[in-house]
Amino acid sequence: MSIGPVLSWDLNPDPSATSAKEAIVVDTRDKLPAITLQPEAGERRWFYGGGVHLWKPTEAQTAGAFLLFEDQLEKGKDTPLHTHPASDETMIVLSGEIVMHLDGYESRIGAGGMVMAPRGMAHAFKVTQDATRVLCLHTPGVCQAFYWDASVKLEAGAPGVGPVDFGRVVASAQRNGGINIVGPSPFASTDA
């Protein structure tokens with residue numbers, strides 16, 4: 001049975017759309033092997049915005065259809081207000097809690113909850129509990145160069161903390177795209 005190209009969600013999911021603004025087509029037919037990963041499998045990377053990423057399927061492994069990583073976070077970490085212009089970002093909280101600022105509204109999301117920020121929608125989050133773990137899915141997987149350049153590989157057994165260096169995050173965004181920083185953290189003056 002042949003399945004046609006996989007279209008990522010878009011405001012105009014017209015399969016005949018030809019421009020990248022209308023739809024991003026990711027054809028995975030005959031390109032993907034099955035992927036199986038154990039819980040701790042994947043490359044561990046310290047993200048200079050704070051947190052340890054445990055990479056699961058990468059953009060290359062999914063022929064660009066998606067990328068997936070677990071983000072291990074500590075209480076107090078927050079992000080600036082930002083958008084992902086070419087990917088939808090889905091976050092599933094595995095443990096702990098975050099407050100998500102999404103299109104001007106805030107919601108607390110605990111273990112088992114999820115949130116999806118469609119491409120181009122301004123959002124930010126703040127971690128409200130220690131040892132929070134979030135599964136982060138980008139569809140399609142076009143943001144990996146940003147995350148990779150804004151992080152460093154952690155050797156086996158290395159502690160999962162490092163210096164937060166937001167300058168490196170901004171520089172990676174400018175070099176690689178995948179994210180537009182549109183404002184400061186909306187949580188800067190609040191205790192979420």
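# Close-up views of a predicted model

View 1. A131 sits in the loop between β11 (123-127) and β12. Helices (H or I, at least four residues) and strands (E, at least two) are DSSP runs, numbered from the N terminus. The model is a predicted one, where local features need pLDDT of at least 70, side-chain atom pairs count only at pLDDT 80 or more, and totals for chains, interfaces and linings use all residues. Residues are numbered from 1 along each chain as its sequence is written, and side-chain values use heavy atoms, with hydrogens and water left out. Although A131 is not a glycine, its phi is positive, at about 55°. With 49% relative accessibility, A131 counts as partly exposed. Here buried means under 20% relative accessible area, exposed means over 50%, and partly exposed is in between (1.4 Å probe, protein chains only). Now move to D103, in the loop between β8 (97-102) and β9 (105-110). D103 is not a glycine either, yet has a positive phi of about 55°. Its relative accessibility is 48%, so D103 counts as partly exposed.

**View 2. The whole chain, for orientation.** The protein chain has two helices and 14 strands. Of its 192 residues, 43% count as buried. The accessible surface of the chain comes to about 9900 Å², and 56% of that belongs to carbon and sulfur atoms; these areas come from the Shrake-Rupley method with a 1.4 Å probe, and for residues, only the protein chains shown count as cover. Take the contacts (heavy atoms within 4.5 Å) between residues at least 6 apart in sequence: 68% of them join residues at least 24 apart.

**View 3. A63 and L32.** Look for A63 in the loop between β4 (52-55) and β5. A63 is partly exposed, with a relative accessible area of 31%. Along the chain A63 and L32 are 31 residues apart, while 6.9 Å separates their C-alpha atoms.

**View 4. The largest nonpolar core.** In soluble globular proteins, nonpolar side chains tend to be buried together. A nonpolar core is a set of buried Ala, Val, Leu, Ile, Met, Phe, Trp, Tyr and Cys residues joined through side-chain atoms within 4.5 Å. The largest one here has 28 residues, and the members touching the most others are M91, I98, M100, F125, F146 and Y147. Y147 counts as buried, at 6% relative accessibility. Which residues are in contact with Y147, leaving aside its neighbours within four places in sequence? They are F47, H53, W55, F69, H84, E89 and H138.

View 5. A pair of aromatic rings is described by the distance of the centres and the angle of the planes. Rings of Phe, Tyr and Trp (its six-membered ring) pair if their centres lie within 6.5 Å; planes under 30 degrees apart count as stacked, over 60 as edge-to-face and the rest as tilted. There are seven aromatic pairs in the structure. One of them is F47 with F146, edge-to-face, with 6.2 Å centre to centre and 75° between the planes. F47 belongs to strand β3 (residues 44-47) and F146 to helix α1 (residues 144-149), so this pair ties together parts that are 99 residues apart in sequence. Both F47 and F146 are buried. F69 and Y147 also form an edge-to-face pair, at 4.9 Å centre to centre with 65° between the planes. That pair links distant parts of the chain, with F69 in strand β5 (residues 67-73) and Y147 in helix α1, 78 residues apart. F69 counts as buried, at 1% relative accessibility.

**View 6. One aromatic cluster and an arginine.** F47, W55, F69, F146, Y147 and W148 make up one aromatic cluster. R45 lies over the face of W148, 4.2 Å from the ring centre. A charge sits over a ring if NZ of Lys or CZ of Arg is within 6 Å of the ring centre and within 35 degrees of the ring normal.

View 7. T139 and P140 are joined by a cis peptide bond, with omega about -10°.
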